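Here's a friendly walk through one protein model and the molecules it holds. Have a look at the picture first, then read on.

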Amino acid sequence: MVPEVAAVHHGKVVRPCGGCTVCCDVLPVEALNKGLHERCPHAVDGVGCSIYGEYFEICKTYRCVWTLGHGSEEDRPDLSGVLVDCRQVRGGERGIYALQVDHEKNIQGTLQRIADDVGAPVQLLDEEMEPRQTSTSPTTKR
Ligand code: SF4
Ligand code: SF4
């Protein structure tokens, strides 16, 4: 794992999710029998998790990179239309990956801000969470 990605992986949460529920809308949760792109029944728009504190381990440990302080306020996933996290994809290294959740939005500014902030490329995922060839490289170093 490159040092920049390791720093994100071990990063601490510095921002509350607020009313965002994007990860609850798209990521699988085995304990809930919830598949990819299925909305959690406990998610409440503009509020968050209705069973906050009594939910599942994966919900307690999952952090998108925005909650770790990367990107601007406008890059919160429900506002920007893209969910960016640090993950290990099948057959690949741990890295910074982005899933576009709102195809009406132009996500390039968010990807660039996060790549610059982290100092590592952000690679796009397809709908099945497989890496695409497209990635955004940092233009600046910290
Ligand atoms: S996508 Fe990020 S900001 Fe939104 S609910 Fe999930 S962890 Fe919180
Ligand atoms: S239980 Fe709560 S935190 Fe977990 S996916 Fe559902 S709404 Fe999100």
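## Around ligand 2

The shell around ligand 2 is made up of nine nonpolar residues, one polar and no charged. Here Ala, Val, Leu, Ile, Met, Phe, Trp, Tyr, Cys and Pro count as nonpolar, Asp, Glu, Lys and Arg as charged, and the others, Gly among them, as polar. Who's in that shell? You'll find Cys24, Val29, Cys40, His42, Ala43, Cys49, Ile51, Tyr55, Phe56 and Cys59. To be listed, a residue needs its C-beta atom, placed from the backbone, within 6 Å of the molecule.

Before going further, keep in mind that this is a predicted model: local features need pLDDT of at least 70, side-chain atom pairs count only at pLDDT 80 or more, and totals for chains, interfaces and linings use all residues. Residues are numbered from 1 along each chain as its sequence is written, while chains are lettered from A and ligands numbered from 1 in the order in which they are written.

## Around ligand 1

Ligand 1 has Cys17, Cys20, Thr21, Val22, Cys23, Arg63, Cys64, Trp66, Thr67, Arg76, Pro77 and Leu83 around it. Sort them by type and you get eight nonpolar, two polar and two charged.

## The whole chain

The protein chain has five helices and six strands, and along the sequence they come in the pattern α-α-β-β-α-α-β-β-α-β-β. The chain's radius of gyration is 14 Å, close to the 14 Å that the globule rule gives for 142 residues, so it is as compact as a globular protein of that length. (That radius is taken over C-alpha atoms, and the rule is 2.2 Å times the number of residues to the power 0.38.) Helices (H or I, at least four residues) and strands (E, at least two) are DSSP runs, numbered from the N terminus.

How much of the chain is buried? Buried residues make up 30% of the 142. A residue is buried if 20 or more other C-beta atoms lie within 10 Å of its own, exposed if 12 or fewer, and partly exposed in between, with C-beta atoms placed from the backbone.

## The core and a hairpin

In soluble globular proteins, nonpolar side chains tend to be buried together. In this model the largest nonpolar core has 28 residues, and Val65, Leu83, Val84, Ile96 and Ala98 touch the most other members. Such a core is a set of buried Ala, Val, Leu, Ile, Met, Phe, Trp, Tyr and Cys residues joined through C-beta atoms within 7 Å.

Strand E3 is mostly covered, with five of its seven residues buried. E3 runs antiparallel to E4, and seven bridges join them; strands pair if DSSP finds at least two bridges between them. Leu83 stands opposite Leu99 in E4. The two strands form a hairpin with five residues between them, and Gly91 in the turn has a positive phi of about 70°.

## Some loop residues

Asn33 has a positive phi of about 55°, although it is not a glycine. Is Asn33 buried or exposed? It counts as exposed, because it has 8 C-beta neighbours inside 10 Å. Asn33 sits in the loop between H2 and strand E1 (43–44).

Met129 is also not a glycine, and its phi is positive, near 70°. You'll spot Met129 in the loop between strand E5 (122–125) and strand E6 (131–136). With 16 C-beta neighbours inside 10 Å, Met129 counts as partly exposed.
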